[in-house]
Amino acid sequence: MKTPEGNKHEGKISALYHTLKVEVPPPYLDDSIRQEAKTAIERMAQRKATELVSRHVDKLVLADTPKRVWMAWQWPSSLAASVCIVSVLWWQLAPDLQPVAEDVSELNYPLATQQESPVNAEQAAAQFSLLQDAAAREKKQDALARSRQQHELELAQALTQMSERKATQSALQSRPSNTQQTTTEHHTPAMAETRLTERGNSLDAEHVLEADERYGLSRVDTLSMLTGRVAQQTEPNTVTELIELMRQITTEQQSAKAEQDDKRMATLDKKRVTLQAQLLSHLLHEREQNPKFEVSPEILSFLNDEQRRAWQTTLKEQ
Amino acid sequence: MLVEPSKQRDLQGLNLREQSDEELMQYYALGNFHAFECLYLRHKGPLFRYFIRQLSGSSATAEDLYQEVWSQVIKHAQHYSVKAKFTTWLYTLARNKLIDHLRHRNVHEQVFDDKLVVGTGFDEKQSDTESSDANHPEQASQVRLLSAEVQYNQAHTAQALKRCVEGLTLQQQECFLLKEEAGLTTEVIAEIVVCNYEACKSRLRKAYVQLRECLDHKLGAGVWE
(Lines give C-alpha, C1' and ligand atoms only; values in the text may rest on other atoms or scores of the structure.)
Protein backbone atom coordinates (compact mmCIF):
# COMPACT_ATOMS: atom_id res chain seq x y z
CA MET A 1 0.00 0.00 0.00
CA LYS A 2 1.20 3.42 -0.85
CA THR A 3 1.42 5.83 1.99
CA PRO A 4 0.65 9.57 1.52
CA GLU A 5 4.33 10.20 2.09
CA GLY A 6 5.19 7.72 -0.62
CA ASN A 7 2.82 9.40 -3.02
CA LYS A 8 4.34 12.74 -2.16
CA HIS A 9 7.78 11.38 -2.94
CA GLU A 10 6.61 9.87 -6.20
CA GLY A 11 5.14 13.19 -7.26
CA LYS A 12 8.35 14.99 -6.36
CA ILE A 13 10.44 12.42 -8.19
CA SER A 14 8.20 12.73 -11.24
CA ALA A 15 8.46 16.50 -11.11
CA LEU A 16 12.18 16.31 -10.67
CA TYR A 17 12.49 13.83 -13.50
CA HIS A 18 10.47 16.15 -15.73
CA THR A 19 13.35 18.58 -15.62
CA LEU A 20 15.50 15.80 -17.06
CA LYS A 21 13.35 15.40 -20.17
CA VAL A 22 15.64 17.42 -22.28
CA GLU A 23 17.40 14.81 -24.35
CA VAL A 24 16.16 14.59 -27.94
CA PRO A 25 17.47 12.67 -30.90
CA PRO A 26 20.00 14.55 -32.98
CA PRO A 27 18.66 16.39 -36.07
CA TYR A 28 20.41 14.09 -38.54
CA LEU A 29 18.57 11.16 -37.00
CA ASP A 30 15.26 12.97 -37.40
CA ASP A 31 16.03 13.74 -41.03
CA SER A 32 17.02 10.17 -41.70
CA ILE A 33 13.81 8.80 -40.20
CA ARG A 34 11.67 11.35 -42.05
CA GLN A 35 13.39 10.51 -45.33
CA GLU A 36 12.84 6.81 -44.70
CA ALA A 37 9.16 7.48 -44.08
CA LYS A 38 8.88 9.44 -47.32
CA THR A 39 10.61 6.75 -49.33
CA ALA A 40 8.36 4.14 -47.79
CA ILE A 41 5.31 6.11 -48.82
CA GLU A 42 6.55 6.43 -52.40
CA ARG A 43 7.34 2.73 -52.59
CA MET A 44 3.94 1.98 -51.13
CA ALA A 45 2.30 4.15 -53.78
CA GLN A 46 4.19 2.43 -56.58
CA ARG A 47 3.38 -1.00 -55.21
CA LYS A 48 -0.28 -0.15 -54.84
CA ALA A 49 -0.41 1.22 -58.38
CA THR A 50 1.21 -1.97 -59.66
CA GLU A 51 -1.21 -4.07 -57.63
CA LEU A 52 -4.09 -2.05 -59.00
CA VAL A 53 -2.96 -2.72 -62.56
CA SER A 54 -2.26 -6.39 -61.87
CA ARG A 55 -5.64 -6.74 -60.14
CA HIS A 56 -7.29 -5.22 -63.18
CA VAL A 57 -5.38 -7.63 -65.43
CA ASP A 58 -6.31 -10.52 -63.13
CA LYS A 59 -9.94 -9.50 -63.37
CA LEU A 60 -9.71 -9.51 -67.14
CA VAL A 61 -7.94 -12.87 -67.09
CA LEU A 62 -10.49 -14.32 -64.68
CA ALA A 63 -13.30 -13.01 -66.86
CA ASP A 64 -11.67 -14.62 -69.86
CA THR A 65 -10.89 -17.91 -68.08
CA PRO A 66 -14.29 -19.65 -68.52
CA LYS A 67 -14.24 -18.88 -72.22
CA ARG A 68 -10.75 -20.27 -72.52
CA VAL A 69 -11.73 -23.41 -70.58
CA TRP A 70 -14.70 -23.81 -72.87
CA MET A 71 -12.47 -23.41 -75.90
CA ALA A 72 -9.94 -25.83 -74.39
CA TRP A 73 -12.35 -28.78 -74.31
CA GLN A 74 -14.58 -27.73 -77.20
CA TRP A 75 -12.09 -28.28 -79.97
CA PRO A 76 -10.94 -31.82 -79.08
CA SER A 77 -14.47 -32.97 -78.31
CA SER A 78 -15.90 -31.56 -81.55
CA LEU A 79 -13.05 -33.12 -83.49
CA ALA A 80 -13.66 -36.52 -81.88
CA ALA A 81 -17.39 -36.29 -82.62
CA SER A 82 -16.68 -35.43 -86.25
CA VAL A 83 -14.34 -38.39 -86.62
CA CYS A 84 -16.96 -40.72 -85.11
CA ILE A 85 -19.71 -39.47 -87.44
CA VAL A 86 -17.52 -39.75 -90.54
CA SER A 87 -16.38 -43.25 -89.60
CA VAL A 88 -19.98 -44.42 -89.02
CA LEU A 89 -21.11 -42.97 -92.35
CA TRP A 90 -18.16 -44.54 -94.17
CA TRP A 91 -18.83 -47.90 -92.54
CA GLN A 92 -22.46 -47.73 -93.55
CA LEU A 93 -21.78 -46.69 -97.12
CA ALA A 94 -18.65 -48.73 -97.93
CA PRO A 95 -19.75 -52.08 -99.49
CA ASP A 96 -16.46 -53.83 -98.80
CA LEU A 97 -16.97 -53.45 -95.05
CA GLN A 98 -20.36 -55.17 -95.13
CA PRO A 99 -20.45 -58.88 -94.19
CA VAL A 100 -20.04 -61.18 -97.28
CA ALA A 101 -23.35 -62.70 -98.36
CA GLU A 102 -23.67 -66.47 -98.36
CA ASP A 103 -24.93 -66.63 -101.92
CA VAL A 104 -21.99 -64.69 -103.29
CA SER A 105 -21.71 -65.32 -106.96
CA GLU A 106 -18.78 -65.42 -109.29
CA LEU A 107 -19.77 -62.02 -110.59
CA ASN A 108 -19.60 -60.44 -107.15
CA TYR A 109 -16.31 -61.97 -106.27
CA PRO A 110 -14.06 -60.03 -108.69
CA LEU A 111 -15.83 -56.78 -107.77
CA ALA A 112 -15.14 -57.37 -104.11
CA THR A 113 -11.53 -58.27 -104.72
CA GLN A 114 -10.99 -55.12 -106.72
CA GLN A 115 -12.30 -52.78 -104.02
CA GLU A 116 -11.12 -54.23 -100.78
CA SER A 117 -7.73 -54.37 -99.20
CA PRO A 118 -5.36 -57.34 -99.80
CA VAL A 119 -6.25 -58.92 -96.47
CA ASN A 120 -9.96 -58.72 -97.18
CA ALA A 121 -9.35 -60.03 -100.73
CA GLU A 122 -7.62 -63.11 -99.33
CA GLN A 123 -10.44 -63.71 -96.88
CA ALA A 124 -13.05 -63.29 -99.60
CA ALA A 125 -11.16 -65.66 -101.91
CA ALA A 126 -10.94 -68.29 -99.18
CA GLN A 127 -14.64 -67.91 -98.45
CA PHE A 128 -15.46 -68.13 -102.13
CA SER A 129 -13.42 -71.32 -102.55
CA LEU A 130 -15.23 -72.81 -99.55
CA LEU A 131 -18.55 -71.97 -101.13
CA GLN A 132 -17.43 -73.54 -104.41
CA ASP A 133 -16.35 -76.68 -102.58
CA ALA A 134 -19.71 -76.88 -100.86
CA ALA A 135 -21.51 -76.47 -104.16
CA ALA A 136 -19.39 -79.20 -105.77
CA ARG A 137 -20.07 -81.50 -102.85
CA GLU A 138 -23.78 -80.92 -103.23
CA LYS A 139 -23.56 -81.69 -106.93
CA LYS A 140 -21.70 -84.93 -106.21
CA GLN A 141 -24.28 -85.99 -103.68
CA ASP A 142 -27.07 -85.23 -106.14
CA ALA A 143 -25.35 -87.29 -108.85
CA LEU A 144 -24.86 -90.21 -106.46
CA ALA A 145 -28.49 -90.12 -105.39
CA ARG A 146 -29.62 -89.95 -108.99
CA SER A 147 -27.39 -92.87 -110.00
CA ARG A 148 -28.69 -94.87 -107.04
CA GLN A 149 -32.26 -94.29 -108.16
CA GLN A 150 -31.39 -95.24 -111.71
CA HIS A 151 -29.68 -98.37 -110.49
CA GLU A 152 -32.82 -99.40 -108.64
CA LEU A 153 -34.91 -98.70 -111.72
CA GLU A 154 -32.45 -100.70 -113.77
CA LEU A 155 -32.79 -103.71 -111.48
CA ALA A 156 -36.56 -103.52 -111.64
CA GLN A 157 -36.48 -103.32 -115.42
CA ALA A 158 -34.03 -106.20 -115.60
CA LEU A 159 -36.44 -108.37 -113.66
CA THR A 160 -39.36 -107.43 -115.91
CA GLN A 161 -37.32 -108.18 -118.99
CA MET A 162 -36.41 -111.64 -117.69
CA SER A 163 -39.49 -113.10 -119.26
CA GLU A 164 -38.67 -111.66 -122.65
CA ARG A 165 -35.18 -112.99 -122.44
CA LYS A 166 -36.45 -116.44 -121.63
CA ALA A 167 -38.46 -116.32 -124.80
CA THR A 168 -35.38 -115.25 -126.68
CA GLN A 169 -33.41 -118.10 -125.14
CA SER A 170 -36.01 -120.62 -126.18
CA ALA A 171 -35.68 -119.28 -129.68
CA LEU A 172 -31.93 -119.64 -129.52
CA GLN A 173 -32.19 -123.16 -128.20
CA SER A 174 -33.98 -124.00 -131.38
CA ARG A 175 -30.63 -123.41 -133.20
CA PRO A 176 -28.71 -126.79 -133.13
CA SER A 177 -25.36 -125.45 -134.29
CA ASN A 178 -24.94 -123.11 -131.37
CA THR A 179 -26.36 -125.40 -128.71
CA GLN A 180 -24.31 -128.34 -129.80
CA GLN A 181 -21.13 -126.46 -129.08
CA THR A 182 -22.32 -126.07 -125.54
CA THR A 183 -23.70 -129.49 -124.73
CA THR A 184 -23.12 -129.37 -121.01
CA GLU A 185 -26.02 -128.35 -118.87
CA HIS A 186 -23.87 -125.81 -117.14
CA HIS A 187 -23.51 -123.78 -120.32
CA THR A 188 -27.14 -123.15 -120.90
CA PRO A 189 -28.26 -119.54 -121.62
CA ALA A 190 -30.25 -119.48 -118.42
CA MET A 191 -27.14 -120.18 -116.40
CA ALA A 192 -25.29 -117.57 -118.37
CA GLU A 193 -27.94 -115.02 -117.65
CA THR A 194 -27.86 -115.94 -113.98
CA ARG A 195 -24.15 -115.49 -113.92
CA LEU A 196 -24.43 -112.25 -115.75
CA THR A 197 -27.04 -111.02 -113.35
CA GLU A 198 -24.81 -111.96 -110.44
CA ARG A 199 -21.96 -110.01 -111.85
CA GLY A 200 -24.21 -106.99 -111.75
CA ASN A 201 -23.26 -103.49 -112.43
CA SER A 202 -19.53 -104.09 -112.73
CA LEU A 203 -20.01 -105.99 -115.92
CA ASP A 204 -18.81 -104.11 -118.97
CA ALA A 205 -19.23 -104.82 -122.67
CA GLU A 206 -15.99 -106.74 -123.06
CA HIS A 207 -16.80 -109.03 -120.18
CA VAL A 208 -20.18 -109.62 -121.76
CA LEU A 209 -18.58 -110.65 -125.00
CA GLU A 210 -16.19 -112.98 -123.17
CA ALA A 211 -19.15 -114.49 -121.38
CA ASP A 212 -20.90 -114.96 -124.70
CA GLU A 213 -18.03 -116.99 -126.04
CA ARG A 214 -17.66 -118.89 -122.80
CA TYR A 215 -21.29 -119.79 -122.38
CA GLY A 216 -21.94 -120.37 -126.07
CA LEU A 217 -24.18 -117.37 -126.60
CA SER A 218 -24.01 -115.11 -129.60
CA ARG A 219 -22.73 -111.59 -128.97
CA VAL A 220 -25.87 -110.07 -130.24
CA ASP A 221 -28.03 -112.11 -127.90
CA THR A 222 -25.90 -111.41 -124.90
CA LEU A 223 -25.81 -107.75 -125.68
CA SER A 224 -29.48 -107.65 -126.33
CA MET A 225 -30.08 -109.25 -122.96
CA LEU A 226 -28.06 -106.53 -121.29
CA THR A 227 -29.33 -103.71 -123.44
CA GLY A 228 -32.10 -102.65 -121.18
CA ARG A 229 -30.03 -102.83 -118.03
CA VAL A 230 -26.98 -101.18 -119.49
CA ALA A 231 -29.02 -98.65 -121.34
CA GLN A 232 -30.71 -97.67 -118.06
CA GLN A 233 -27.50 -97.75 -116.04
CA THR A 234 -26.18 -94.34 -117.03
CA GLU A 235 -27.80 -92.01 -119.43
CA PRO A 236 -24.72 -90.97 -121.47
CA ASN A 237 -23.90 -94.68 -122.07
CA THR A 238 -27.39 -95.76 -122.98
CA VAL A 239 -27.47 -94.27 -126.42
CA THR A 240 -23.89 -95.32 -127.04
CA GLU A 241 -24.62 -98.90 -126.07
CA LEU A 242 -27.70 -99.01 -128.21
CA ILE A 243 -25.78 -97.69 -131.17
CA GLU A 244 -23.02 -100.18 -130.51
CA LEU A 245 -25.60 -102.97 -130.43
CA MET A 246 -27.16 -101.74 -133.61
CA ARG A 247 -23.77 -101.73 -135.28
CA GLN A 248 -23.21 -105.29 -134.10
CA ILE A 249 -26.62 -106.26 -135.43
CA THR A 250 -25.73 -104.68 -138.74
CA THR A 251 -22.54 -106.74 -138.84
CA GLU A 252 -24.45 -109.87 -137.88
CA GLN A 253 -27.01 -109.15 -140.56
CA GLN A 254 -24.28 -108.82 -143.15
CA SER A 255 -22.81 -112.13 -142.13
CA ALA A 256 -26.27 -113.72 -142.07
CA LYS A 257 -26.95 -112.33 -145.52
CA ALA A 258 -23.69 -113.80 -146.72
CA GLU A 259 -24.66 -117.12 -145.25
CA GLN A 260 -28.16 -116.65 -146.62
CA ASP A 261 -29.63 -117.48 -143.26
CA ASP A 262 -33.09 -116.00 -143.63
CA LYS A 263 -34.32 -117.05 -140.27
CA ARG A 264 -31.47 -115.33 -138.50
CA MET A 265 -31.96 -112.30 -140.69
CA ALA A 266 -35.54 -112.10 -139.56
CA THR A 267 -34.58 -112.42 -135.92
CA LEU A 268 -31.96 -109.75 -136.32
CA ASP A 269 -34.49 -107.49 -138.02
CA LYS A 270 -36.81 -107.89 -135.08
CA LYS A 271 -33.96 -107.06 -132.74
CA ARG A 272 -33.08 -104.07 -134.79
CA VAL A 273 -36.62 -102.78 -134.70
CA THR A 274 -36.71 -103.29 -130.94
CA LEU A 275 -33.43 -101.48 -130.52
CA GLN A 276 -34.61 -98.64 -132.75
CA ALA A 277 -37.70 -98.28 -130.61
CA GLN A 278 -35.59 -98.30 -127.48
CA LEU A 279 -33.23 -95.73 -128.96
CA LEU A 280 -36.10 -93.43 -129.85
CA SER A 281 -37.66 -93.81 -126.44
CA HIS A 282 -34.29 -92.97 -124.83
CA LEU A 283 -33.85 -89.96 -127.04
CA LEU A 284 -37.32 -88.72 -126.21
CA HIS A 285 -36.69 -89.30 -122.52
CA GLU A 286 -33.49 -87.34 -122.70
CA ARG A 287 -35.25 -84.58 -124.54
CA GLU A 288 -37.92 -84.38 -121.88
CA GLN A 289 -35.33 -84.10 -119.13
CA ASN A 290 -33.12 -81.68 -120.97
CA PRO A 291 -34.84 -79.43 -123.53
CA LYS A 292 -31.47 -78.47 -124.94
CA PHE A 293 -30.57 -82.03 -125.69
CA GLU A 294 -29.46 -82.35 -129.32
CA VAL A 295 -28.99 -85.48 -131.40
CA SER A 296 -26.37 -85.78 -134.09
CA PRO A 297 -27.41 -86.91 -137.62
CA GLU A 298 -25.28 -90.02 -137.20
CA ILE A 299 -27.45 -91.18 -134.31
CA LEU A 300 -30.60 -90.30 -136.21
CA SER A 301 -29.40 -92.44 -139.08
CA PHE A 302 -29.95 -95.51 -136.90
CA LEU A 303 -33.65 -94.70 -136.70
CA ASN A 304 -36.16 -95.55 -139.46
CA ASP A 305 -38.02 -92.88 -141.39
CA GLU A 306 -41.12 -92.89 -139.22
CA GLN A 307 -39.05 -92.62 -136.06
CA ARG A 308 -37.05 -89.74 -137.51
CA ARG A 309 -40.23 -87.92 -138.40
CA ALA A 310 -41.58 -88.54 -134.96
CA TRP A 311 -38.38 -87.08 -133.45
CA GLN A 312 -38.56 -84.02 -135.66
CA THR A 313 -42.21 -83.54 -134.76
CA THR A 314 -41.38 -83.72 -131.09
CA LEU A 315 -38.66 -81.13 -131.51
CA LYS A 316 -41.04 -78.81 -133.31
CA GLU A 317 -43.73 -79.25 -130.70
CA GLN A 318 -41.33 -78.38 -127.91
CA MET B 1 0.37 9.36 -53.74
CA LEU B 2 -1.66 6.24 -53.28
CA VAL B 3 -4.41 8.07 -51.39
CA GLU B 4 -7.45 8.82 -53.49
CA PRO B 5 -7.96 12.56 -54.23
CA SER B 6 -11.12 12.81 -52.13
CA LYS B 7 -9.36 11.20 -49.15
CA GLN B 8 -6.36 13.40 -49.70
CA ARG B 9 -8.51 16.52 -49.49
CA ASP B 10 -10.04 15.22 -46.28
CA LEU B 11 -6.60 14.56 -44.79
CA GLN B 12 -5.36 18.01 -45.71
CA GLY B 13 -8.33 19.59 -43.99
CA LEU B 14 -7.69 17.68 -40.78
CA ASN B 15 -6.06 19.15 -37.73
CA LEU B 16 -3.55 16.38 -37.27
CA ARG B 17 -2.51 17.59 -33.86
CA GLU B 18 -5.95 16.69 -32.53
CA GLN B 19 -5.87 13.18 -33.91
CA SER B 20 -4.96 10.20 -31.79
CA ASP B 21 -1.82 8.20 -32.41
CA GLU B 22 -3.78 5.37 -33.98
CA GLU B 23 -5.57 7.67 -36.40
CA LEU B 24 -2.31 9.35 -37.37
CA MET B 25 -0.80 5.95 -38.03
CA GLN B 26 -3.72 5.04 -40.27
CA TYR B 27 -3.44 8.30 -42.17
CA TYR B 28 0.21 7.60 -42.71
CA ALA B 29 -0.65 4.16 -43.94
CA LEU B 30 -2.93 5.87 -46.45
CA GLY B 31 0.01 7.95 -47.66
CA ASN B 32 -0.14 11.08 -45.56
CA PHE B 33 3.41 11.98 -44.61
CA HIS B 34 2.33 14.83 -42.34
CA ALA B 35 0.48 12.37 -40.16
CA PHE B 36 3.72 10.49 -39.66
CA GLU B 37 5.59 13.69 -38.91
CA CYS B 38 3.04 14.63 -36.28
CA LEU B 39 3.27 11.19 -34.77
CA TYR B 40 7.04 11.33 -34.82
CA LEU B 41 7.14 14.67 -33.06
CA ARG B 42 4.93 13.32 -30.31
CA HIS B 43 7.05 10.31 -29.51
CA LYS B 44 10.59 11.09 -30.57
CA GLY B 45 11.76 12.54 -27.22
CA PRO B 46 10.27 9.97 -24.83
CA LEU B 47 11.37 7.06 -27.04
CA PHE B 48 14.85 8.41 -27.43
CA ARG B 49 15.17 8.95 -23.70
CA TYR B 50 13.74 5.51 -23.05
CA PHE B 51 16.76 4.14 -24.82
CA ILE B 52 19.33 6.57 -23.63
CA ARG B 53 18.43 6.12 -19.98
CA GLN B 54 18.76 2.41 -20.14
CA LEU B 55 21.89 2.52 -22.26
CA SER B 56 23.72 5.02 -20.15
CA GLY B 57 26.99 6.04 -21.67
CA SER B 58 26.13 4.58 -25.06
CA SER B 59 24.21 7.21 -26.96
CA ALA B 60 25.32 5.82 -30.30
CA THR B 61 23.68 2.51 -29.47
CA ALA B 62 20.58 4.34 -28.26
CA GLU B 63 20.40 6.21 -31.56
CA ASP B 64 20.76 3.00 -33.54
CA LEU B 65 18.03 1.27 -31.59
CA TYR B 66 15.85 4.36 -31.82
CA GLN B 67 16.18 4.43 -35.61
CA GLU B 68 15.53 0.71 -35.89
CA VAL B 69 12.32 1.07 -33.95
CA TRP B 70 11.07 3.86 -36.21
CA SER B 71 12.08 1.84 -39.27
CA GLN B 72 9.93 -0.97 -38.01
CA VAL B 73 7.06 1.43 -37.47
CA ILE B 74 7.42 2.70 -41.04
CA LYS B 75 7.77 -0.83 -42.40
CA HIS B 76 4.68 -2.15 -40.68
CA ALA B 77 2.56 0.98 -41.15
CA GLN B 78 0.74 -0.52 -44.13
CA HIS B 79 -0.36 -3.54 -42.10
CA TYR B 80 -1.09 -1.59 -38.92
CA SER B 81 -4.45 -2.31 -37.34
CA VAL B 82 -5.85 -0.75 -34.22
CA LYS B 83 -5.75 -3.71 -31.88
CA ALA B 84 -4.03 -1.78 -29.10
CA LYS B 85 -2.77 1.70 -28.34
CA PHE B 86 -0.03 2.93 -30.62
CA THR B 87 2.23 3.65 -27.66
CA THR B 88 1.85 0.08 -26.46
CA TRP B 89 2.91 -1.22 -29.85
CA LEU B 90 5.72 1.34 -30.16
CA TYR B 91 7.26 0.61 -26.75
CA THR B 92 6.85 -3.12 -27.22
CA LEU B 93 8.96 -2.79 -30.34
CA ALA B 94 11.45 -0.63 -28.44
CA ARG B 95 11.68 -3.04 -25.54
CA ASN B 96 12.22 -6.02 -27.81
CA LYS B 97 14.96 -4.15 -29.61
CA LEU B 98 16.61 -3.23 -26.35
CA ILE B 99 16.43 -6.76 -24.97
CA ASP B 100 17.89 -8.17 -28.16
CA HIS B 101 20.69 -5.65 -27.97
CA LEU B 102 21.44 -6.33 -24.30
CA ARG B 103 21.47 -10.06 -24.84
CA HIS B 104 23.84 -9.65 -27.73
CA ARG B 105 26.04 -7.33 -25.71
CA ASN B 106 26.12 -9.68 -22.72
CA VAL B 107 27.19 -12.55 -24.93
CA HIS B 108 29.79 -10.34 -26.57
CA GLU B 109 31.21 -9.17 -23.23
CA GLN B 110 31.26 -12.67 -21.83
CA VAL B 111 33.23 -13.81 -24.85
CA PHE B 112 35.75 -11.00 -24.43
CA ASP B 113 35.71 -11.24 -20.59
CA ASP B 114 34.50 -7.71 -20.10
CA LYS B 115 32.59 -6.35 -17.22
CA LEU B 116 28.83 -6.35 -17.48
CA VAL B 117 27.31 -2.90 -17.21
CA VAL B 118 23.63 -3.60 -17.37
CA GLY B 119 21.87 -4.08 -14.04
CA THR B 120 24.76 -2.88 -11.97
CA GLY B 121 24.08 -0.82 -8.86
CA PHE B 122 24.06 2.93 -8.94
CA ASP B 123 26.96 3.10 -6.42
CA GLU B 124 29.29 1.53 -8.93
CA LYS B 125 28.47 4.20 -11.53
CA GLN B 126 28.80 7.24 -9.39
CA SER B 127 32.39 7.77 -10.45
CA ASP B 128 31.25 8.16 -14.06
CA THR B 129 29.08 11.19 -13.37
CA GLU B 130 31.35 13.81 -14.89
CA SER B 131 32.39 11.76 -17.87
CA SER B 132 28.80 11.11 -18.95
CA ASP B 133 27.96 14.84 -18.80
CA ALA B 134 30.07 15.43 -21.86
CA ASN B 135 27.63 13.31 -23.86
CA HIS B 136 24.78 15.77 -23.39
CA PRO B 137 25.95 19.31 -24.20
CA GLU B 138 22.42 20.50 -24.97
CA GLN B 139 21.41 19.65 -21.41
CA ALA B 140 24.20 21.79 -20.09
CA SER B 141 23.22 24.68 -22.31
CA GLN B 142 19.64 24.56 -21.02
CA VAL B 143 20.81 24.50 -17.49
CA ARG B 144 22.75 27.66 -18.19
CA LEU B 145 19.52 29.53 -18.90
CA LEU B 146 18.35 29.16 -15.31
CA SER B 147 19.37 31.40 -12.61
CA ALA B 148 22.68 30.62 -11.12
CA GLU B 149 21.50 29.23 -7.82
CA VAL B 150 18.41 27.53 -9.07
CA GLN B 151 20.39 26.38 -11.99
CA TYR B 152 22.97 24.90 -9.79
CA ASN B 153 20.47 23.21 -7.47
CA GLN B 154 18.31 21.85 -10.26
CA ALA B 155 21.22 20.72 -12.30
CA HIS B 156 22.71 19.06 -9.32
CA THR B 157 19.42 17.37 -8.43
CA ALA B 158 18.74 16.34 -12.03
CA GLN B 159 22.17 14.83 -12.41
CA ALA B 160 21.70 13.03 -9.14
CA LEU B 161 18.33 11.70 -10.24
CA LYS B 162 19.81 10.70 -13.55
CA ARG B 163 22.46 8.67 -11.83
CA CYS B 164 19.90 7.18 -9.55
CA VAL B 165 17.72 6.12 -12.51
CA GLU B 166 20.73 4.56 -14.11
CA GLY B 167 21.30 2.72 -10.87
CA LEU B 168 17.91 0.99 -10.96
CA THR B 169 17.66 -2.61 -12.04
CA LEU B 170 16.76 -3.10 -15.68
CA GLN B 171 13.21 -4.18 -14.85
CA GLN B 172 12.66 -1.22 -12.51
CA GLN B 173 14.29 1.11 -14.99
CA GLU B 174 12.07 0.16 -17.89
CA CYS B 175 8.92 0.35 -15.80
CA PHE B 176 9.94 3.76 -14.45
CA LEU B 177 10.86 5.12 -17.87
CA LEU B 178 7.66 3.81 -19.48
CA LYS B 179 5.72 5.58 -16.78
CA GLU B 180 7.64 8.85 -16.72
CA GLU B 181 8.74 9.19 -20.35
CA ALA B 182 5.86 7.59 -22.27
CA GLY B 183 3.25 8.46 -19.65
CA LEU B 184 1.79 4.97 -19.81
CA THR B 185 -0.47 3.53 -17.16
CA THR B 186 0.52 0.56 -15.06
CA GLU B 187 -1.76 -1.73 -17.06
CA VAL B 188 -0.13 -0.78 -20.34
CA ILE B 189 3.33 -1.07 -18.83
CA ALA B 190 2.47 -4.52 -17.57
CA GLU B 191 1.38 -5.42 -21.08
CA ILE B 192 4.57 -4.11 -22.62
CA VAL B 193 6.97 -5.70 -20.19
CA VAL B 194 4.96 -8.93 -20.29
CA CYS B 195 4.15 -9.33 -16.63
CA ASN B 196 1.03 -9.16 -14.53
CA TYR B 197 -0.35 -5.92 -13.18
CA GLU B 198 0.68 -6.47 -9.54
CA ALA B 199 4.23 -7.37 -10.42
CA CYS B 200 4.49 -4.26 -12.57
CA LYS B 201 3.03 -2.13 -9.78
CA SER B 202 5.52 -3.62 -7.31
CA ARG B 203 8.40 -2.91 -9.66
CA LEU B 204 7.35 0.71 -9.99
CA ARG B 205 6.98 1.12 -6.24
CA LYS B 206 10.39 -0.37 -5.60
CA ALA B 207 11.86 1.86 -8.29
CA TYR B 208 10.48 5.00 -6.63
CA VAL B 209 11.60 3.89 -3.17
CA GLN B 210 15.06 3.13 -4.48
CA LEU B 211 15.23 6.51 -6.26
CA ARG B 212 14.18 8.30 -3.06
CA GLU B 213 16.83 6.47 -1.04
CA CYS B 214 19.37 7.18 -3.76
CA LEU B 215 18.52 10.90 -3.78
CA ASP B 216 18.59 10.99 0.03
CA HIS B 217 21.98 9.43 -0.15
CA LYS B 218 23.24 11.86 -2.78
CA LEU B 219 21.53 15.10 -1.83
CA GLY B 220 20.55 14.57 1.76
CA ALA B 221 17.06 14.46 3.30
CA GLY B 222 16.60 18.23 2.71
CA VAL B 223 15.92 17.66 -0.87
CA TRP B 224 12.29 16.79 -0.11
CA GLU B 225 11.66 19.97 1.87
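Predicted model: local features only at pLDDT ≥ 70, side-chain atom pairs only at ≥ 80, totals over all residues.
Of the 318 residues in chain A, 15% are buried. Among the contacts within chain A that link residues at least 6 apart in sequence, 57% join residues at least 24 apart.

Turning to the interface, 28 residues of chain A are in contact with 34 residues of chain B. On the chain A side, the elements that supply two or more residues are helix H1 (4–18) and helix H2 (27–93). Helix H2 of chain A gives the most, with 13 residues. Sorted by class, this side of chain A holds 14 nonpolar, 4 polar and 10 charged residues.

As for the interior, nonpolar side chains in soluble globular proteins tend to be buried together. The largest nonpolar core in the model has 62 residues, and the members that touch the most others are B:Tyr28, B:Phe51, B:Ala94, B:Leu161 and B:Leu211. Helix H3 (residues 33–54) of chain B is the top contributor to this core, with 10 residues. At least three residues come from each of domain 1 (14–118) and domain 2 (133–217) of chain B. Leaving aside residues up to four places away in sequence, B:Tyr28 touches B:Ala35, B:Phe36, B:Leu39 and B:Ala77. Another core, of 10 residues, lies apart from the largest one, and its members include A:Leu245, A:Met246, A:Leu268 and A:Leu280.

How values were computed
Residues numbered from 1 in each chain as written. Chains lettered and ligands numbered in written order. Contact = placed C-beta atoms within 7 Å. Helix = DSSP H or I, 4+ residues; strand = E, 2+ residues; numbered from the N terminus. Nonpolar A, V, L, I, M, F, W, Y, C, P; charged D, E, K, R; others polar. Buried ≥ 20, exposed ≤ 12 C-beta atoms within 10 Å, placed from the backbone. Core = buried A, V, L, I, M, F, W, Y, C linked by C-beta atoms within 7 Å. Domains from an automatic or database assignment.
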